[in-house]
Amino acid sequence: MNRVSVRLSLIALGIGLAALFATACGSSSDNAPEGAETLSFKLTDEGCDPADATVPAGPVSFEVENAGTSKVTEFEVLDGAEILGEKENLSSGFSGDFSLTLEEGTYTVYCPGGENERGTLTVTAK
Amino acid sequence: MIPTLVIALREGVEASLIVGIIAAFLVKESRGDALRQMWAGVAVAIALCIGVAVVLRVVGQQLPQREQEGLETVIGLVAVTAVSYMIVWMRRHARSFKAALEGSAATALAAGSTLALVAMAFLAVLREGFETSVFMLAAFQDASDTTAAGAGAVVGLLAALAIGIGIYRGGVRINLARFFRVTGLILVFVAAGLLATSVHTAHEAGWFNGLQGQALDLTWLVQPGTISGSLLTGMLGLQPTPTVGEALIYVAYAAPMAVYVLWPDRLRRLRQAPARARTAPAESPA
């Protein structure tokens, strides 16, 4: 393979990946759907604040803000061991959001690195 | 400034390390042609990452987290394969480097192998690049104190770059045999870390949910939010609280590979001596 074809193949690979990302972005809606409940969490040295929350079933928008901790930079919502949604790299002063549609049940909010890493998210019937 | 610094350092140092070792390796092998291809690939990857981050920001979309983690997992596993191949190749040729230094035939690297290394450098940058670019833009535009956050992120990325350059410089200077023994061992831990990180990102991609119990508490060593913690996570894939799955795969890979790299030459030679006469023609440079 000569150099030109190597470069071409790299560029082709790049375009392919870009296309993949464009598709991925199109299919996942990051904007909160109509009528979504909003839950706000702060990341602190202690963990997620509030640690426990309750919300009715349906679309939920999670707003996460780092309130000045360097220990916790990540927020996750788990169903058992499975991560349903998360936000990474939220350093001090950063904020981010994501949306999930949750059914009735008990979930975990996870702020790795905090003193109390895990909290409970209770989703009640509509 | 420190919070963004440690994140940019952690995200940048892994790619910097891999690119630095590949660059030193290609220089050692006198493959200037492949080195130029490698830099072209790295430049394309950086441009691509910045491009994607800017487009996402312009259209007001966020990086799809699951897809990003999935991409990191796939590239991570490709990287483990490539790095393992490098380790085995180095080990196999460790003896012939002395001959190479004495001016006889250099160890030839097949065209396919250099292409694989070029591709590996490209993928290594791409792997963390999207997330890093998005983070850098956020540091400059969204943070509550954009000056401190932006400065921290830039310093962190420059520090990651400096580590890569340091490894490259050091790698070029020391002699071949030592280069391969030292980098061989470093690469074992880098690859083990990549495997463990792939287990981690596979979980975050929603592909793997088993063995998620906490295996160890390494927070005394890998302190979250510190520079040393970032380096340990970025370079060796160590998590502050590794899960059972991550710890198992790390040890399962690192232990036999470390023995393979460190096993004394003399013992190998004694054991291989009868077989060498038969295999010698096959080992001659392609």
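How do the axes of helix 1 and helix 2 of chain B cross, and within what distance do they come? In this predicted model, helix 1 covers residues 2–28 of chain B and helix 2 covers residues 32–58 of chain B. Their axes come within 9 Å and cross at roughly 160 degrees. Since angles over 145 degrees count as roughly antiparallel, helix 1 of chain B and helix 2 of chain B are therefore roughly antiparallel to each other. The crossing of these two helices is left-handed.

The residues that meet between the two helices can be named individually. From helix 1 of chain B come Val19(B), Ile22(B), Ala23(B), Leu26(B) and Val27(B); helix 2 of chain B contributes Ala34(B), Leu35(B), Met38(B) and Val42(B). By class, this contact consists of nine nonpolar residues, with no polar and no charged ones.

Chain A contains an open sheet of four strands in the order 2-1-4-7, with mixed pairing. Strand 2 (47–49) and strand 7 (95–102) of chain A form its edges; each has a single partner strand, so one side of each lacks a neighbour in the sheet. From one strand to the next, the twist averages 30 degrees. Within this sheet, strand 4 (residues 58–66) of chain A pairs with strand 7 of chain A in the antiparallel sense over eight bridges. Pro59(A) has Thr101(A), in strand 7 of chain A, as its bridge partner.

Another open sheet in chain A is formed by five strands in the order 3-9-8-5-6, and its pairing is mixed. Here strand 3 (53–56) and strand 6 (82–87) of chain A stand at the edges; because each has a single partner strand, one side of each is left without a neighbour in the sheet. Neighbouring strands are turned against each other by 25 degrees on average, direction ignored. Strand 5 (residues 75–79) of chain A runs antiparallel to strand 6 of chain A, and five bridges join them. Glu76(A) stands opposite Glu86(A) in strand 6 of chain A.

There remains the question of confidence. The model scores ipTM 0.78 and pTM 0.81. Chain B averages a pLDDT of 85, and 86% of its residues score at least 70. Over residues 101–106 of chain B, however, pLDDT stays under 50, and the model has six contacts beyond four places in sequence for this stretch. Residues 276–286 of chain B likewise have a pLDDT below 50, with five contacts in the model beyond near neighbours in sequence. Where pLDDT is low, the predicted coordinates should not be read in detail.

Definitions and conventions:
Residues numbered from 1 in each chain as written. Chains lettered and ligands numbered in written order. Predicted model: local features only at pLDDT ≥ 70, side-chain atom pairs only at ≥ 80, totals over all residues. pLDDT = per-residue confidence, 0-100. Contact = placed C-beta atoms within 7 Å. Axes fitted to C-alpha atoms, helices over the stretch in contact; angles between N-to-C directions. Parallel < 35°, antiparallel > 145°, perpendicular 65-115°, else oblique. Left-handed = near helix turned anticlockwise from the far one by under 90°. Nonpolar A, V, L, I, M, F, W, Y, C, P; charged D, E, K, R; others polar. Pairing = 2+ DSSP bridges.
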